[in-house]
Amino acid sequence: METEKPTSSNFIKSIVLDDLNSGRETTIVTRFPPEPNGYLHIGHAKAICLNFELADEFGGKTNLRFDDTNPVKEDTEYVDGILNDIKWLGFEWDNLHFASDYFEMNYEKALLLIERGKAYVDDQTAEEIRATRGTLKEPGKNSPYRDRSVEENLDLFKRMRAGEFKDGEKVLRAKIDMASPNINLRDPVIYRIKHANHHQTGDAWCVYPMYDYSHPLGDAVEGVTHSLCSLEYEDHRPLYDWVVRECEMENTPHQYEFARLNLTNTVMSKRKLRALVDAGVVDGWDDPRMPTIAGLRRKGYTPEAIRNFCREIGVAKSYSVVDERYLEFFIREDLKLKAPRTMAVLDPLKVVITNYPEGETEWFEIENNAENPDMGTRQVPFSREIYIEREDFMENPPAKYYRLFPGNEVRLKGAYFVKCVEAVKDADGNVVELHCTYDPETKSGNGFNGRKVKGTIHWVEASHAIPAEFRLYEPILKDDAALEKANEEAADLAEDSDEYTGGAAGEDRSFLEKINKDSLTVLHGFVEPGLKDVQPNDKFQLFRHGYFNVDPKDTAPGRIVFNRTVSLKSSFEIK
């Protein structure tokens with residue numbers, strides 16, 4: 001699968017302009033309709049930005065409506081998480097609704113459909129409904145209960161609501177056309193029985209509307225003018241229009257589809273993400289390896305970076321895949337002038353500067369951000385013992401290796417030149433300590449130009465060093481075939497129809513066998529003493545390592561955890 005350069009075109013904006021200019025619409029109303037059965041991911045962020053910013057640009061409104069029609073998989077945890085994510089991204093909804101607010105209206109409209117001969121109660125099992133649905137090449141078969149009388153259907157449906165039947169014993173189906181070339185119009189189920197407690201309505205209901213029925217009615221009631229959804233719903237649009245028309249709704253919303261976001265090396269299916277959580281592969285929906293908004297936030301992404309990314313990739317009608325490095329570009333751009341720069345040693349090797357006075361400590365003034373002088377400077381201690389990165393020393397280096405090796409001299413950033421004299425080894429032959437000498441005349445800032453060195457390395461003074469944990473991340477699924485298969489199932493169509501349409505194939509978890517075992521690397525090292533009082537979600541650029549975020553979940557008194565947001569450089573270029 002080839003990646004494509006994102007386009008900034010927005011065909012939906014053209015539709016809105018045409019609607020306003022023609023007088024078909026006078027006020028734009030959009031909505032963001034998440035199902036509260038998981039946490040939002042970066043693909044949802046694209047939809048959020050589209051809906052809220054489109055309405056804002058044209059002086060309209062955006063509703064937030066939770067499509068809570070499936071009580072079995074929904075929870076207030078997800079409701080609260082979604083509310084928090086949208087606010088964190090910087091958006092405020094005009095009205096907050098739940099599909100459950102309209103359950104009584106949904107029920108009344110279902111009675112209307114029955115009275116008009118447009119709906120019937122079916123006694124077939126979910127398996128039988130799937131089996132008689134037909135295929136793309138063959139028509140479906142009429143249910144033996146399709147021709148029940150209006151009176152019998154009304155009686156049965158009212159008894160369904162009264163709780164007289166068990167789960168799955170009966171359903172209400174729209175009566176459309178079992179031979180329709182559009183399989184979504186083959187008498188879709190619009191109500192099913194679920195004796196389950198609902199997070200909003202409690203035990204008031206035991207029959208629940210299906211998403212494809214409830215959703216267009218909610219749009220119509222709220223006066224939504226532009227119902228924006230991903231391309232997977234394009235074939236559902238005729239059903240959307242049928243429900244609005246046959247239920248005799250006063251307002252007529254219109255559905256428009258756009259291509260969902262796909263990122264390289266990124267699982268974009270909410271079902272797959274839930275599987276990662278349930279299997280314990282990650283430590284929750286906010287694991288920094290997850291592309292959820294909560295995970296990106298914990299990793300160190302900012303709302304500005306995500307919004308800028310979503311704006312830049314634009315809105316298209318055709319399927320494409322965006323390079324994940326494009327998202328990384330925007331967080332680098334956002335942090336490069338905001339994040340203070342500091343030194344940290346992730347894999348420490350002790351260095352003793354043998355000719356430096358014992359018991360003495362001096363302090364160097366080092367800039368906080370060379371690209372942003374307004375961020376000022378900080379004081380960094382230096383003494384006889386320091387830590388450097390283990391990878392900054394090689395006993396037998398290759399050509400053009402300019403860091404430390406026996407007899408070589410390098411500059412310690414912001415301090416002195418040091419020369420490696422001896423490598424101390426343990427009984428197994430591992431280097432455990434370096435002995436070096438320093439040249440006091442080479443002190444940083446003194447204007448020394450007697451000789452030059454080709455390498456500069458970072459360091460942390462040992463006696464003042466603050467222990468820290470560093471977490472480095474890689475894609476959780478890198479196998480191209482496994483990733484593509486997972487994302488083919490990423491449509492995230494409403495899960496309430498799985499039982500009757502066969503969509504439950506999305507629950508396939510074979511992709512878990514392809515998990516990247518190296519997606520998380522944990523290192524223990526040291527940071528400068530100035531970071532001892534860091535707070536959750538503080539962001540820093542660690543010299544040579546990248547941008548890091550103070551983990552808000554595991555950081556505690558006496559324990560500092562840094563999550564790497566992104567490395568410093570990438571070969572990716574925006575053209």
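## A first look at this predicted model

Welcome! One stop is the open sheet of four strands in the order β4-β5-β6-β7, and another is helix α9, which is largely enclosed by the rest of the structure. We begin with strand β18, where Cys436 has Ile353 standing opposite.

**Strand β18 and its partners**

- Strand β12, residues 348-353, pairs with strand β18, residues 431-439, in the parallel sense, and four bridges link the two.
- On the antiparallel side of the story, strand β17 (residues 417-425) pairs with β18 over eight bridges.
- Look for Val424 to find a bridge to β18, where the partner is Glu433.
- β17 and β18 form a hairpin, with five residues between the two strands.
- In the turn of that hairpin sits Gly429, with a positive phi of about 85°.

**The four-stranded sheet**

- The strands of the open sheet β4-β5-β6-β7 pair in the antiparallel sense.
- At the edges stand β4 (119-122) and β7 (207-209); each has a single partner strand, so one side of each has no neighbour in the sheet.
- On average, neighbouring strands here are turned by 20° against each other, direction ignored.
- Inside the order, strand β5 (residues 171-174) and strand β6 (residues 189-193) run antiparallel and are joined by three bridges.
- Tyr191 in β6 has Leu172 standing opposite.
- Helix α4, residues 103-115, lies across β4, β5, β6 and β7, and runs at about 120° to β6.

**Helices α1 and α2**

- Two packed helices are described by the angle between their axes and the distance between the axes.
- For helix α1 (residues 11-22) and helix α2 (residues 42-57), the angle is about 35° and the axes are 11 Å apart.
- The crossing of α1 and α2 is right-handed.
- From α1, the contact is made by Ile12, Lys13 and Val16, while α2 brings Leu50, Leu54 and Glu57.

**Helix α9**

- Helix α9 spans residues 270-278, and seven of its nine residues are buried, so it is largely enclosed by the rest of the structure.
- The buried residues of α9 are Lys270, Arg271, Lys272, Leu273, Arg274, Ala275 and Leu276.
- Just after α9 comes Gly280, which takes a positive phi of about 75°.

Key. Residues numbered from 1 in each chain as written. Predicted model: local features only at pLDDT ≥ 70, side-chain atom pairs only at ≥ 80, totals over all residues. Heavy atoms only, no water. Axes fitted to C-alpha atoms, helices over the stretch in contact; angles between N-to-C directions. Left-handed = near helix turned anticlockwise from the far one by under 90°. Contact = heavy atoms within 4.5 Å. Pairing = 2+ DSSP bridges. Buried < 20%, exposed > 50% of the residue type's maximum accessible area, 1.4 Å probe, protein only.
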